[in-house]
Amino acid sequence: MYKVLARKYRPTKLDEIIGQDVAVRILKNAILSNKLHHAVLLAGPMGTGKTSTARIIAKSLNCEKGPTIEPCNQCEFCMSISKGNSVDVMEIDGASNRKIDDARALIESVKYPPLKSRYKIYIIDEVHMLTQEAFNAMLKTIEEPPEYVKFIFATTAIEKVPDTILSRCQILNLKRIPEDLIKEKLKMIAKNENVSIDDEALDIIAFASFGSLRVAEGYLDRCISYSTEHLTQEDVSLVVGVTQTKTIETYFECIKNKELNCALNIIKELYKKDVNFEILMQQFIKYLIESNISEEYKAGLLNVYYHTFLDIKSKADPLISVNIATYKAIAMTNLSKISDVIEKIASGEIGGIDVEKSDILTHKYSKEKQYTNNIDKKEDSNAPSNKAKYETKTPSIDIESEIKGSKGLDVILKTFGGKIVSVEKINN
Ligand SMILES: Nc1ncnc2c1ncn2[C@@H]1O[C@H](COP(=O)(O)OP(=O)(O)O)[C@@H](O)[C@H]1O
Ligand SMILES: [Mg+2]
Ligand SMILES: [Zn+2]
């Protein structure tokens with residue numbers, strides 16, 4: 001029977017956990033010195049090793065040869081934990097056991113010592129899903145469980161775990177796994193599975209999996225079932241739904257040339273090809289960061305596409321989202337630069353605003369409540385030349401800027417991507 005790669009290659013000891021050096025080191029020291037906290041919380045994105053680590057901790061504590069940082073993975077304790085049927089290691093899904101009654105049952109069961117093993121271990125996955133009442137009921141037990149009990153919590157959303165719980169746990173943060181480590185692991189797996197795959201193809205998988213080894217292994221699974229022959233960059237792009245770089249280049253050309261229909265057509269074609277738009281946004285963001293455009297234009301575009309990425313991630317319609325981003329990007333390309341507009345306000349070219357260029361003393365980023373220009377008014381008005389006393393450094397993200405004349409506030413500029421979208425005169 002084919003076992004999916006993520007399960008087949010589940011790490012069995014701490015040394016096999018990759019990309020989590022800090023957490024692994026803390027755990028090793030704690031286990032070796034017999035000082036593991038009675039409640040450990042593993043926090044981090046999905047597919048970064050939480051469940052694997054939790055099971056390894058359980059084995060480390062309960063292995064026949066333990067406590068050890070090298071559980072044997074052969075004894076009945078280790079084997080039953082791997083299979084998920086140890087009588088003393090409870091794996092509880094926080095999402096489906098979230099109620100106060102579930103918590104009460106757990107508190108009750110904590111009273112009974114382990115049947116066979118050294119420790120009775122409760123692994124609660126997605127612990128942030130527990131209700132407030134369930135958390136409250138468990139507080140005392142988590143704080144002072146019997147000697148033989150250990151709690152291992154895992155969560156992808158640590159911000160949703162109440163502080164009262166956090167303060168009673170040893171928190172270990174698992175991080176997104178760097179691309180090069182993911183690639184290395186995939187290479188090892190491919191070799192082991194006798195899969196022939198291009199190096200660039202592995203790059204694509206590593207990039208598209210966004211720090212999750214589970215996702216990366218899932219992509220490799222799909223590639224393997226797609227073709228038994230040698231896997232190329234094209235094969236993998238197709239399977240993973242990654243867009244070719246040259247298409248991204250053409251799309252960006254359209255944006256810069258303000259060719260809306262051309263840009264929208266590219267998106268339509270990609271949609272037909274079933275490209276993964278979440279990955280497309282990541283690719284485009286990476287491309288923008290590396291592109292050679294002005295800082296403010298870049299910041300504006302990044303802002304648009306990053307929000308589109310987040311929208312798609314939280315299940316917004318991908319086609320509509322990317323189309324809207326395309327409109328915004330082109331609109332942004334059309335807008336004039338903030339420093340040009342200040343010039344125009346000052347020269348009276350923009351609608352009846354009675355501000356002398358020399359009157360514009362400060363240019364305040366109101367949203368950030370921060371003055372970007374600390375020109376001392378008095379000193380400045382005595383200066384022989386009165387020109388260029390305004391702030392020319394332009395804000396790079398969506399903000400409202402206030403331009404202060406000598407008599408007080410004169411105009412509010414609304415900017416988007418470092419470009420002006422509206423100018424409002426304030427009567428004072
Ligand atoms: N840090 C890691 N080191 C090695 N393998 C990992 C790591 N993170 C994830 N994996 C791989 O992904 C699979 C799922 O990992 P898992 O521990 O269940 O992640 P999580 O619980 O954080 O979602 C594992 O079986 C393993 O193949
Ligand atoms: Mg998990
Ligand atoms: Zn063992």
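Q: A helix here is a DSSP run of H or I at least four residues long, and helices are numbered from the N terminus. What follows α12?
A: The model is a predicted one. After α12 comes Lys258, which has a positive phi near 55 degrees.

Q: How do you know that the span of α12 agrees with its number of residues?
A: The expected span is 1.5 Å times one less than the number of residues. Helix α12 (residues 245–256) has 12 residues, so it should span 16 Å. Its end C-alpha atoms are 17 Å apart, which agrees.

Q: Which residues of α12 are buried, and what puts them on the same side?
A: Tyr251, Cys254 and Ile255 are the buried residues of α12. They cover an arc of only 100 degrees around the axis, so they lie on the same side of the helix. This buried set packs against α13 (260–272) and α16 (318–334). The face turned away from the buried side carries Thr245, Lys246 and Glu249, which are exposed.

Q: Why is Val239 called buried?
A: A residue is buried if 20 or more other C-beta atoms lie within 10 Å of its own. Val239 has 22 within that distance, so it is buried. Val239 belongs to helix α11 (residues 233–240).

Q: Which residues is Val239 in contact with, leaving aside its neighbours within four places in sequence?
A: Contact requires C-beta atoms within 7 Å. The residues in contact with Val239 are Tyr219, Arg222, Cys223 and Tyr226. Cys223 is 16 residues from Val239 along the chain, and their C-alpha atoms are separated by 6.2 Å.

Q: Why is strand β3 described as largely enclosed by the rest of the structure?
A: In β3 (residues 120–125), 6 of the 6 residues are buried, so the strand is largely enclosed. Lys120, Tyr122 and Ile124 point one way, while Ile121, Ile123 and Asp125 point the other way.

Q: How do you know that β3 pairs with β2 and with β4?
A: Two strands pair if DSSP finds at least two bridges between them. Strand β2 (residues 89–93) is joined to β3 by 5 bridges, and the two run parallel. Ile92 is opposite Ile124 of β3. Between β2 and β3 the chain passes through helix α5 (residues 100–110), in a right-handed β-α-β crossover. Strand β4 (residues 149–155) is also parallel to β3, over 5 bridges. There, Ile121 has Lys150 as its bridge partner. The chain goes from β3 to β4 by way of helix α6 (residues 132–143), and this β-α-β crossover is right-handed.

Technical notes
Residues are numbered from 1 along each chain as its sequence is written. Chains are lettered from A and ligands numbered from 1 in the order in which they are written. This is a predicted model: local features need pLDDT of at least 70, side-chain atom pairs count only at pLDDT 80 or more; totals for chains, interfaces and linings use all residues. A residue is buried if 20 or more other C-beta atoms lie within 10 Å of its own, exposed if 12 or fewer, and partly exposed in between; C-beta atoms are placed from the backbone. Two residues are in contact if their C-beta atoms, placed from the backbone, lie within 7 Å. A crossover is right-handed if, with the strands pointing away from the viewer, the path from the first strand over the helix to the second runs clockwise. The arc is that of the directions from the helix axis to the C-beta atoms.
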